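The following questions and answers concern the arrangement of one protein chain. Please consult the sequence and the coordinates shown here while reading.

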Amino acid sequence: AESLVKEYNGKKAVRGIAFNVFKGECFGFLGPNGAGKSTFMKIVTGQLKPNLGQVRIYGQSVWNNRHLFRRLGFCPEGDAFYEELNGQEFLVGLLSLYGYDKQESLARAERALELVELKEVSGRPIRSYSRGMRQRIKIAQAIAHDPEILILDEPLSGLDPLGKRRIIKLVKEFRDAGKTIVVSSHVLPEVEAMTSEIVLIHHGKILARGDIHFIRELLDSHPHMIRVKSPQFRELAARLAAENYVLNISFEPEAGAVTFETHHRDRFFNRLNELVLDMGLDLEEITSPDDNLQAVFDYLVER
């Protein structure tokens, strides 16, 4: 990707992204909703033409290059199905577009359905599928033609914990087999489970790129706000005020709550647990008002 820019009605969804992925690498794009991940992936797969810059795969521009499409597998974030078709018919129809004959299309569809564990419901119309099944059939169509490159946009969305574990295992198997993989998510543990190499993206720009240890240190540098509601909120604040990892304390007397700002969340919660036992604290609620990627990324941008 070379200096990509994509605008919608004068608003930039992608702002100068430059990024290289080498054959056999697996990268995760991490960012809050609206960060530009999906737009970037649609440009990479040739569905959108950038206003500036270009994407090259194997030295060729991807835009309007149908010869590259069969080497790519794309799982989009949104649904786009022929709802009246069953799972097998859906895959066979897409595989026929790649030039496979009916017998080969059926064989590849069956293999893909087995990999995502949908073979038993392959005869049911897609309109009857649960959200998790619909997600898995999207993954099936991305892998059915055995592409060299997989572009997976929020591949774990809508899956239950068991379904997530199965797809994570499948992605790791493809990674170990040497496929080039780019996945996106707004949930760090999901990306971390599939790859240790992560790119942070926010407002259409790349903020950082590195292994999981570097990214975690970067994200953990964000000061955390922790709100505790308790009848003994003043006593709790007095006990925690001397701790060097507590940066600021603010009170809400009417709500019976106190908010702590800390740059070391683990130490804070360890000490809070100790005080609950020592003081016999009656805790009504513990929340983190800014414990989300949007808040973290806003902080990193302002640094």
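Q: What distance separates the centres of domain 1 and domain 2, taken over C-alpha atoms?
A: In this predicted model, the domain assignment places domain 1 at residues 4-211 and domain 2 at residues 222-302. Taken over C-alpha atoms, the centres of these two domains are separated by 39 Å.

Q: Is Phe90 buried or exposed?
A: Phe90 belongs to helix H3, which covers residues 87-97. Its relative accessible area is 6%. Because a residue under 20% counts as buried, Phe90 is classed as buried.

Q: What distance lies between the C-alpha atoms of Phe90 and Ile137?
A: Phe90 touches Ile137, and its other contacts include Phe81, Leu85 and Ile126, leaving aside residues up to four places away in sequence. Ile137 in turn touches Phe90, Leu91, Leu113 and Leu118, among others, with the same exclusion. Phe90 and Ile137 are 47 residues apart along the chain, and their C-alpha atoms are separated by 8.9 Å.

Q: Which strands stand at the edges of the open sheet of 4 strands?
A: The sheet has antiparallel pairing and the order S13-S14-S12-S15. An edge strand has a single partner, so one of its sides is left without a neighbour in the sheet. The strands in this position are S13 (246-252) and S15 (285-287).

Q: Which residue in S15 does Lys229 stand opposite?
A: Strand S12, residues 224-229, pairs with S15 in the antiparallel sense over 3 bridges. Lys229 stands opposite a residue of S15, namely Glu285.

Q: What angle does helix H10 make with S12?
A: Helix H9 (residues 233-240) packs on the sheet, touching S12, S13 and strand S14 (257-262), and its direction makes about 20° with that of S14. Helix H10 (residues 265-279) lies across S12, S13, S14 and S15. Relative to S12, H10 runs at about 20°.

Terms used
Residues are numbered from 1 along each chain as its sequence is written. This is a predicted model: local features need pLDDT of at least 70, side-chain atom pairs count only at pLDDT 80 or more; totals for chains, interfaces and linings use all residues. Side-chain values use heavy atoms; hydrogens and water are left out. Domain bounds come from an automatic or database domain assignment. Helices (H or I, at least four residues) and strands (E, at least two) are DSSP runs, numbered from the N terminus. Buried means under 20% relative accessible area, exposed over 50%, partly exposed in between (1.4 Å probe, protein chains only). Contact means heavy atoms within 4.5 Å. Two strands pair if DSSP finds at least two bridges between them. Axes are lines fitted to C-alpha atoms, for helices over the stretch in contact, and angles run from 0 to 180 degrees between N-to-C directions.
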